[in-house]
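Here are a few notes to read alongside the coordinates.

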Amino acid sequence: MSNLTPAQRVTIARHEGRPGVADYIEHLFTDFFEQKGDRQCREDPSILGGIALFHGKPVTVIGTRKGKNLQENLRCNFGMPGPEGYRKALRLMKQAEKFERPIITFIDTPGAYPGLEAEARGQGEAIARNLFEMSQLSVPIVAVITGEGNSGGALALGVADTVLMLENAVYSILSPEGFASILWKDSSRSGEACDLMKLTAEDLLEQKVIDAIIPEPEGGAHMDVEAQMAAVDQALTAALNSLQKISDISIAGQRYKKFRAMGGNGYYDGN
């Protein structure tokens, strides 16, 4: 892996040209059929999801979406979902369970939208509900952290049997700027915060928070999109093949134990 500082990896993870969920859907899946709405309030464009074929097999694909230009950024709220987005994601995941489809999620978000209106419509409950329900789903779940994975807004799509992470992606409890603002009351110390937060793929693999690192082209995923897609395709195929050997009865129990073991004295070894 390239010898980059955590702050440099954060910069690459946020690069505007970095492939997003729409790119992965276009390159890796066929016959994608988008599904919209939470059946309660509204459609949230910051979550993109639907049914697709992955190497000819039906799957449900869900991901956070930032957009590629200012107009799309504004429409997708810069990748910060509201409660409607998380309820939509859960609706699609429950549908996947009903029809026995594996679930693949792509995570790239600075965090859930923290606005007053989102809280009024149940932001906290929507995220908590996703964590609870995902832990019990009886179908395989693979999560791929492709850019930023910050706070509960990322974890709401990240309770997976296999968690993959791109080499220059980051995964943490909040943004480095937020961390620095809380710890030192100075967001300009975000670079220093990056060193303390252990948010890189290498850090998280060592801590057993993620299961594997997907390599990136030199300079980041945006430098060679085709090569990046091939690497993600290979990692997804291997993960799904491995998970499909586990019975539906035991997969939820293993997933629950995996996450309960994090932060403890040891790591769940799958037994």
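1. R39 sits in the loop that runs between β1 and β2. Bear in mind that this is a predicted model, so all the values here are computed from it. For background, most residues other than glycine have a negative phi.

2. You will find K198 in the loop between α9 and α10 (201-206). Is K198 buried, exposed or partly exposed? Its relative accessibility is 42%, so K198 counts as partly exposed.

3. Now for the aromatic rings. The count of aromatic pairs comes to four. One of them joins F29 and F54 in a tilted arrangement, with 5.4 Å from centre to centre and 45° between the planes. This pair links distant parts of the chain: F29 is in the loop between α2 (21-28) and β1 (30-34), while F54 belongs to strand β2 (residues 47-54), 25 residues apart. F29 and F54 are both buried.

4. F29 has another partner in F106. Here the geometry is edge-to-face, at 6.3 Å centre to centre and 85° between the planes. This pair, too, links distant parts of the chain, with F29 in the loop between α2 and β1 and F106 in strand β4 (residues 103-109), 77 residues apart. Like F29, F106 is buried. Which residues do the ring pairs link into a cluster? They are Y24, F29, F54 and F106.

5. There is also a charge over a ring to inspect. R189 lies over the face of W184, and the distance from the ring centre is 4.1 Å.

6. Finally, the helix packing. Helix α1 (residues 6-13) packs against helix α9 (residues 190-197) at an angle of about 105°, and their axes are 8 Å apart. That angle makes α1 roughly perpendicular to α9, because 65 to 115 degrees counts as roughly perpendicular. On the α1 side the contact is made by P6, A7 and V10, and on the α9 side by G191, C194 and D195. By type, the residues of this contact divide into four nonpolar, one polar and one charged.

How values were computed. Residues are numbered from 1 along each chain as its sequence is written. This is a predicted model: local features need pLDDT of at least 70, side-chain atom pairs count only at pLDDT 80 or more; totals for chains, interfaces and linings use all residues. Side-chain values use heavy atoms; hydrogens and water are left out. Rings of Phe, Tyr and Trp (its six-membered ring) pair if their centres lie within 6.5 Å; planes under 30 degrees apart count as stacked, over 60 as edge-to-face and the rest as tilted. Helices (H or I, at least four residues) and strands (E, at least two) are DSSP runs, numbered from the N terminus. Buried means under 20% relative accessible area, exposed over 50%, partly exposed in between (1.4 Å probe, protein chains only). A charge sits over a ring if NZ of Lys or CZ of Arg is within 6 Å of the ring centre and within 35 degrees of the ring normal. Axes are lines fitted to C-alpha atoms, for helices over the stretch in contact, and angles run from 0 to 180 degrees between N-to-C directions. Angles under 35 degrees count as roughly parallel, over 145 as roughly antiparallel, 65 to 115 as roughly perpendicular and the rest as oblique. Contact means heavy atoms within 4.5 Å. Ala, Val, Leu, Ile, Met, Phe, Trp, Tyr, Cys and Pro count as nonpolar, Asp, Glu, Lys and Arg as charged, and the others, Gly among them, as polar.
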